[in-house]
Amino acid sequence: MNHQDIVTLDNVSLNYHSLEGETPAIQNISFTVSKGEFIGIVGPSGCGKTTILSLIAGLMKPTSGRVLIEGKEVEGPSSKVGYMLQQDHLFEWRTIQQNVLLGLEIQGKISKESKQRAIELLETYGLGDFRNHYPQQLSGGMRQRVALIRTLAINPEVLLLDEPFSALDYQTRLALSDEVTNIIRKEKKTALLVTHDISEAISMSDRLLVLSKRPGTIKSEYVIKLTGQNRSPVELRKAPEFREYFNKIWKELDVHVS
Ligand code: ADP
Ligand code: MG
């Protein structure tokens with residue numbers, strides 16, 4: 001193991017068991033994520049993307065193979081990993097600040113310092129004036145930023161993002177993809193982003209994993225290199241290489257309306 005490796009999946013398979021029998025969701029998945037890397041994961045619906053994130057989050061154990069974080073086998077959920085979902089799961093009766101502090105409360109990690117850090121995150125990322133507002137007073141994009149800051153407040157090493165923008169309109173998701181990338185890079189976090197939006201994945205990721213249909217296996221891997229003035233995903237969509245990646249990945253996913 002390279003000392004920079006933070007997440008490792010070593011030949012991981014997972015079968016779900018139900019009354020109807022056994023469903024293989026993912027099969028022999030191996031990959032490694034370096035510290036600070038931004039990994040995109042795309043693949044057809046139902047191919048096991050959420051399953052992969054749940055395994056890294058320690059919410060389930062693989063049927064076979066190993067999942068490691070910083071070289072140690074994942075035994076269960078830990079504060080090393082933060083999970084952000086499509087729904088923001090903010091509590092409507094709590095203020096923005098109270099929502100952001102929730103993760104720390106649950107983990108019994110509320111201290112003067114951790115609270116201060118959470119408030120600073122809100123201020124740094126443009127939500128300081130909304131500390132005492134309630135979620136319903138905020139737009140969908142702002143709510144997702146609050147959800148990200150709540151995840152960052154527990155100071156995880158690894159962020160898991162499962163289709164975090166898919167409930168939002170196009171303009172908002174575009175703007176938010178910029179903001180979220182910026183925040184994650186500034187905070188020097190490692191991230192795994194699952195999305196069905198190929199453009200989003202290409203523009204945000206350092207490396208992209210393409211999965212086959214269920215049971216998901218890694219079909220191919222792309223190291224994304226886009227030429228641009230800055231690393232803003234919105235700007236990077238205009239890079240000359242962008243369309244090339246898009247066409248290749250589009251073909252591989254074999255997206256068609258049947
Ligand atoms: P994705 O996120 O790529 O859409 P999932 O990881 O959610 O896919 O699911 C992969 C496959 O496993 C799907 O076919 C899904 O129906 C099945 N599956 C997911 N969760 C369960 C479960 N709890 N029990 C049985 N089958 C499941
Ligand atoms: Mg999913």
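How many salt bridges does the structure hold? I began with that question and found 15 salt bridges, a salt bridge being a side-chain nitrogen of Lys or Arg within 4 Å of a carboxyl oxygen of Asp or Glu.

**Entry 1: conventions.** I note that this is a predicted model, in which local features need pLDDT of at least 70 and side-chain atom pairs count only at pLDDT 80 or more, while totals for chains, interfaces and linings use all residues. Residues are numbered from 1 along each chain as its sequence is written, chains are lettered from A and ligands numbered from 1 in the order in which they are written, and side-chain values use heavy atoms, with hydrogens and water left out.

Entry 2: I looked up the strands, which like the helices are DSSP runs numbered from the N terminus (helices H or I, at least four residues; strands E, at least two). Two strands count as paired if DSSP finds at least two bridges between them. I then examined S6 and strand S7 (residues 158-162), which are parallel and share 4 bridges; Gly-82 has Leu-159 in S7 as its bridge partner.

**Entry 3: the antiparallel sheet.** I found an open sheet of 4 strands, paired antiparallel in the order S2-S1-S4-S5. Strand S2 (21-34) and strand S5 (72-73) each have a single partner strand, so one side of each lacks a neighbour in the sheet. Strand S1 (residues 5-18) and strand S4 (residues 64-69) run antiparallel and are joined by 5 bridges. Leu-9 stands opposite Val-67 in S4.

**Entry 4: helix H1.** H1 lies across S1, S2 and S4, at about 120 degrees to S1.

**Entry 5: selected salt bridges.** I located Arg-143 and Glu-92, whose closest N and O atoms are 2.9 Å apart in a salt bridge. Arg-143 lies in helix H5 (residues 140-153) and Glu-92 in the loop between S6 and helix H2 (96-100), so the pair ties together parts 51 residues apart in sequence. Arg-143 is buried at 14% relative accessible area, whereas Glu-92 is partly exposed at 33%; buried means under 20%, exposed over 50% and partly exposed in between (1.4 Å probe, protein chains only).

I next found Arg-173 and Asp-197 in a salt bridge of 3.5 Å, N to O. Because Arg-173 lies in helix H6 (residues 170-186) and Asp-197 in the loop between S8 and helix H7 (198-204), the pair links parts 24 residues apart in sequence. Both Arg-173 and Asp-197 are buried.

Note on methods
Contact means heavy atoms within 4.5 Å. Axes are lines fitted to C-alpha atoms, for helices over the stretch in contact, and angles run from 0 to 180 degrees between N-to-C directions.
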